[in-house]
Amino acid sequence: MEIRHWGKSGDYTDTNVRINDVDPENGSYLEMLAYAAYSDVQGYTSDAFGNFLSAAGGVNGDITYDESGVNVSKNFMNMVRDFMQMQYDSNNLAGYLSFRKFYDYMADGRN
C-alpha cells in the first residue's frame, strides 16, 4: 500500500508499506495508518482507522506527529490497549468494544 504525506513546505513523500511486514508493537505512524486502513477495507475491523487516530494521540491527547516523527517506531499496540482500557474505565462499552476488535486483530497477527 502506498502512503503519501506532505511536509510543511508542501512537498510530498510517497512511502510503500508492506502490510504483511507491519509490526504494531514496533511500527511507524505511517505504517500503522496503512495497517488500520487495510483492516477496515478488508472487513476485519469497522473503525480501526479512526480508533488508531484516537489512540495514537495518547490517552491525554498530547502526542502529535510531525514531518520528522511519522517514521519513528513505537509500540502502537500498547497505545491502543491503553485507549481501550480508558474507554472501559469511562463505562463507554461501545468504544471499548470497537477498540477491542482492533486490538484483537493486531494480537492475532492478521495482516
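## Contact between helices H1 and H2

In this predicted model, Tyr29, Met32, Leu33, Ala36, Ala37, Ser39 and Asp40 of helix H1 meet Ala48, Phe49, Phe52, Leu53 and Ala56 of helix H2, where contact means heavy atoms within 4.5 Å. By class, this contact has 10 nonpolar, 1 polar and 1 charged residues; Ala, Val, Leu, Ile, Met, Phe, Trp, Tyr, Cys and Pro count as nonpolar, Asp, Glu, Lys and Arg as charged, and the others, Gly among them, as polar.

H1 (residues 29–41) and H2 (residues 48–56) pack at an angle of about 150°, and their axes are 7 Å apart. H1 is therefore roughly antiparallel to H2, a term for angles over 145 degrees, on a scale from 0 to 180 degrees between N-to-C directions. Helices are DSSP runs (H or I) of at least four residues.

## Aromatic pairs

The structure holds 10 aromatic pairs, that is, rings of Phe, Tyr and Trp (its six-membered ring) with centres within 6.5 Å; planes under 30 degrees apart count as stacked, over 60 as edge-to-face and the rest as tilted. The rings of Tyr38 and Tyr44 form a tilted pair, with centres 6.5 Å apart and planes at 50°.

The pair of Phe83 and Phe99 is also tilted, with centres 5.0 Å apart and planes at 40°. Phe83 lies in helix H3 (residues 76–89) and Phe99 in helix H4 (residues 93–108), 16 residues apart. Both Phe83 and Phe99 are buried (under 20% relative accessible area, with a 1.4 Å probe and protein chains only).

## Basis of the values

Residues are numbered from 1 along each chain as its sequence is written. Local features need pLDDT of at least 70, side-chain atom pairs count only at pLDDT 80 or more, and totals for chains, interfaces and linings use all residues, while side-chain values use heavy atoms, leaving out hydrogens and water.

Terms used
Helix = DSSP H or I, 4+ residues; strand = E, 2+ residues; numbered from the N terminus. Parallel < 35°, antiparallel > 145°, perpendicular 65-115°, else oblique. Buried < 20%, exposed > 50% of the residue type's maximum accessible area, 1.4 Å probe, protein only.
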